[in-house]
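Here are a few notes from going through this model. Have a look at it first, then read on.

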Amino acid sequence: MPTTKTLREGSTPKRAAILAAARELFLSDGFDRSSVDAVAGRAGVSKRTVYDYFGDKQTLLQAVVDSIGRSLIATIGRTLDETLTDVTEFTELEDALVTFSMTIATDMLGSGEYATLQRLVRTESGHLPHRGYNSMADTPDEAIAERFAAFAAAGLLEVPDPRLAADQFIALTFGVALDRLGSANATEDARVRPLVVEGVRTFLRAYRMGQR
């Protein structure tokens with residue numbers, strides 16, 4: 001089990017170096033064959049520093065997974081701000097939601113960060129807090145729900161339950177692509193875009209004002 005000792009926040013550059021070293025080793029050698037000594041050596045810190053900052057190797061693995069999750073969540077936040085902030089008319093929503101979805105499919109789901117997260121969660125699940133551990137949790141869904149609530153407040157959509165609307169939007173766009181194609185990586189598969197476009201249109205037909 002992970003340690004319960006009080007950990008040091010420590011130096012940000014040292015913490016980042018440890019996380020980067022651990023990530024590289026967990027990917028190349030696997031969790032069981034990656035030693036704290038090897039992580040410390042690659043990070044250029046002492047073994048004691050690794051223990052002081054992270055406590056044990058299992059907690060370090062979780063910290064690596066969590067750091068990748070935070071990076072992906074930041075990508076979603078930036079994409080929401082860049083694509084869905086200045087929409088003021090219903091007629092603009094289809095293009096905006098397609099642009100948002102395709103950007104996520106390219107910049108997040110098609111990224112090395114996302115592939116790394118999926119690989120670590122899949123191969124090292126036995127060393128994470130629980131099976132199916134998700135460092136992103138519900139944060140992306142909640143962020144999309146907040147944007148849909150804003151659209152409802154502006155009179156663009158009728159959204160009685162923003163979180164449910166977000167879940168349905170994700171299922172109709174990325175979910176369909178993942179289920180049908182096994183991937184939502186729009187960079188590698190041109191079939192993703194038509195699925196996303198139709199999903200957006202289905203969502204808007206359901207949530208247009210006066211349709212519910």
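How many salt bridges are there, with a salt bridge taken as a side-chain nitrogen of Lys or Arg within 4 Å of a carboxyl oxygen of Asp or Glu? The count comes to 11.

1. Ground rules first: this is a predicted model, where local features need pLDDT of at least 70, side-chain atom pairs count only at pLDDT 80 or more, and totals for chains, interfaces and linings use all residues. Residues are numbered from 1 along each chain as its sequence is written, and side-chain values use heavy atoms, with hydrogens and water left out.

2. One of the bridges pairs glutamate 24 with arginine 42, with 3.1 Å between the closest N and O atoms. Glutamate 24 sits in helix α1 and arginine 42 in helix α2, so the bridge ties together parts 18 residues apart in sequence. Helices here are DSSP runs (H or I, at least four residues), numbered from the N terminus.

3. Aspartate 37 bridges to lysine 47, at 3.7 Å between the closest N and O atoms. That pair links helix α2 to helix α3, so parts 10 residues apart in sequence are tied together.

4. Arginine 163 and aspartate 167 also meet in a salt bridge (3.0 Å, N to O). They are 4 residues apart in helix α8 (residues 162-181), about one helical turn. Through shared partners, salt bridges join Asp141, Glu142, Arg163 and Asp167 into one network.

5. Back to α1: α1 and α3 pack at about 100°, axes 11 Å apart (axes are lines fitted to C-alpha atoms, for helices over the stretch in contact; angles run from 0 to 180 degrees between N-to-C directions).

Methods:
Helix = DSSP H or I, 4+ residues; strand = E, 2+ residues; numbered from the N terminus.
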